[in-house]
Amino acid sequence: MIKCEQIIKIYKRGELETTVLKNISFEIKKGEFVAIIGPSGSGKSTLMNILGTLDKPTQGKYLLNNEDMLNFPDDELAKIRSNKIGFVFQSFNLLPRANVIRNVMLPLIYNNEIKKEQRMSLVEKALISAGLEKERWHNLSSQLSGGQMQRVAIARALVNNPNIILADEPTGNLDSKTGDIVLDTFKKLNKDYGHTIVLITHERYVAEHADRIIELKDGKIISDNVSKIILKDK
Amino acid sequence: MFLSDLIEETYTSLTSNKVRSILTILGIVIGIASVITMISIGQGSAKDIEDNIQSLGSNLLIVSPGSQRTIGTTVRGGFGSASTLVMEDAEVIESQVSNLNAVAPLISSREQVVVKGENTNTSIYGVTQNYEEVRDIEMEIGFFITEIYVEKKSKVAVLGPTTRDTLFGEGIDPTGEKIKIDGQEYTVIGVTKSKGSSGMNNADDLIYIPISVAKQYITGSESLSSIYIEVSSEKFMEKAEEDVNSLLMERHKIKDEDSVDFSITNQSEVMETMTSVSETMTILLGAIAGISLLVGGIGIMNMMLTTITERTREIGLRKSLGATSSEISNQFLLESISLTFIGGIVGVILGLLASFLVYKFGDTTTVVTINSIVLSCFVSAFIGIVFGYYPAKRASKLNPIEALRYE
């Protein structure tokens, strides 16, 4: 599903060069629930941007479904994002003046492969999977609680039926109780619906909800308990 | 992204900040409405001038004393004030030039007029009976100066309607009343119909008296102010003008074309000049209104740039959800085009209304042409594209990572 081969990312600011990712290689298979953990400055956000095709590595290869993402122009990458990747952000990023249904529908309007008539049923399916109560569906997103907002955001990430869901600190703006509900939602999506989930966090507690933890420090992978999965598979 | 989605997105974002959208539209509305109104006033006055000149009588040549050019300078000699034209000139023209309908010599002067204590200063025109035909004068009350009055030097006067209003009061029949001009008493025999002001001189505010009387009591000299010549047909105009010119040069013993002591004006030349003046005025008015349209356009650009800054995160989000650059720029471009389009339509309606009101209450003819409507619609759509393009391009070029992080 996802394959990173010796990814190096260097940011240039004037004369100054900062190497954010130093030779990162790993593979994520379909149906995995992976957490990428690391302190701030460890390069995990950069890695997430590369995984989400929002950024390109300076060196190395990023393969999504065996396709090298380096070769695509920006507009094609946008279409890949719309079809294959679902984003969940720390600050939810919902449209405040739109209701829940419109928010969840947003990725569908940029996907011409899905007919207008199909949209509503996809939105409903996604909202049910994300576990948002039906009474809230017609509310404006600004009227929801943090936990509800994050579940709307999760539904939005699900609606295109993506290959992979990328969640960047999804519990960062939530208290621990609602954070747990959101994490349970991810778990359920992984176990019951078979979605591939990559969770990015700096909290060990959050990461432990995943089956596999890739730990980053200073742009390098310092631990990856991939063996646990392989053992489980057998 | 389907077109209907694009329209829906545009509608939602424009209605989500109604006050701002309306204020921005207002800029365009005022611009378009003023362009239409101004141009309609300009074209209305052009039509007024045309009508007025036509009402003066067509196929008209006007001979005025004074030279066209003084040798060695470009200064036009004392137009109308020199005393080189005399009664005899008019008589010779009438008898020797062919294809003329009528020749009407004119003596004009400004005098104090007194009626029972009321007094006014107005133009006195000493005319012959021909003047009525040459200038298409119609009578409201009584009759015009006749041949007999001219021959007998009768002290009779025909009033313009404005003069009548000033001296006697509106709608009053003054025939038979006496008026005093320069100390002499005249009997009023008629009032002319209103011709409307013709720009240069007001044909309604004057008094006609027989030319023989004017010569004797008002100016006391032989000289004429002008000679009006009506040519029988448009096609003889040029020939008649040449004939009059050579005849007068011969009579005045002038050999050199450059030193003539009179000038001949062709009615169509006057019309051309006046039309070009009013065209210039239309352009000027249109340009002033165009500036307000430009300001409205800058208002649109300003609002779009503000919107984009405010919605940076949203743009980043849309990009991360799969919007291409062109889908983003189309959305913002459509927003600005919608604003100017709505503004354009409302502006046209308001402009039509305003020019109607000016026509109704402002005492000015206004002419709205399809051209000015089409032009302003085109201009407003163009403004939407031009002033929306830069903000839209800027939005589409935002880096989604930075846009998402934007606070």
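The legends below describe several views of a predicted model with chains A and B.

Residues are numbered from 1 along each chain as its sequence is written, and chains are lettered from A in the order in which they are written. Because the model is predicted, local features need pLDDT of at least 70 and side-chain atom pairs count only at pLDDT 80 or more, whereas totals for chains, interfaces and linings use all residues.

**View 1. Chain A, with 8 helices and 10 strands.** Helices (H or I, at least four residues) and strands (E, at least two) are DSSP runs, numbered from the N terminus. Along its principal axes the C-alpha trace of chain A spans about 50 × 40 × 40 Å. The radius of gyration is taken over C-alpha atoms, and the globule rule is 2.2 Å times the number of residues to the power 0.38. For 234 residues a compact globule would have a radius of gyration near 17 Å, and the 18 Å of chain A agrees with this.

**View 2. Chain B, with 13 helices and 10 strands.** The radius of gyration of chain B is 32 Å, well over the 22 Å that the globule rule gives for 407 residues, so chain B is more spread out than a compact globule. Its C-alpha atoms fill a box of roughly 100 × 55 × 35 Å, taken along the principal axes, and 41% of the 407 residues count as buried.

**View 3. Helix 3 of chain A, a mostly covered helix.** Of the 10 residues in this helix (residues 100-109), 8 are buried, among them A:Val100, A:Asn103, A:Met105 and A:Ile109. What covers the buried residues includes helix 2 (74-84), helix 4 (116-130) and helix 5 (146-158) of chain A, together with helix 1 of chain B.

**View 4. The side of chain B that touches chain A.** Two residues are in contact if their C-beta atoms, placed from the backbone, lie within 7 Å, and the contact takes 18 residues from chain B and 22 residues from chain A. On the side of chain B, the elements that give two or more residues are helix 1 (3-16), helix 10 (312-320), helix 11 (325-361) and helix 13 (400-405). Helix 10 gives the most, with 5 residues. By class, this side has 8 nonpolar, 5 polar and 5 charged residues; Ala, Val, Leu, Ile, Met, Phe, Trp, Tyr, Cys and Pro count as nonpolar, Asp, Glu, Lys and Arg as charged, and the others, Gly among them, as polar.

**View 5. Helix 1 and helix 11 of chain B, packed at an angle of about 60°.** The axes of these helices are 9 Å apart; axes are lines fitted to C-alpha atoms, for helices over the stretch in contact, and angles run from 0 to 180 degrees between N-to-C directions. The angle makes helix 1 of chain B oblique to helix 11 of chain B, since angles under 35 degrees count as roughly parallel, over 145 as roughly antiparallel, 65 to 115 as roughly perpendicular and the rest as oblique. The residues in the contact include B:Leu6 and B:Leu14 of helix 1 and B:Leu334 and B:Ser338 of helix 11, and those of the whole contact divide into 3 nonpolar, 5 polar and 2 charged.

Terms used. A residue is buried if 20 or more other C-beta atoms lie within 10 Å of its own, exposed if 12 or fewer, and partly exposed in between; C-beta atoms are placed from the backbone.
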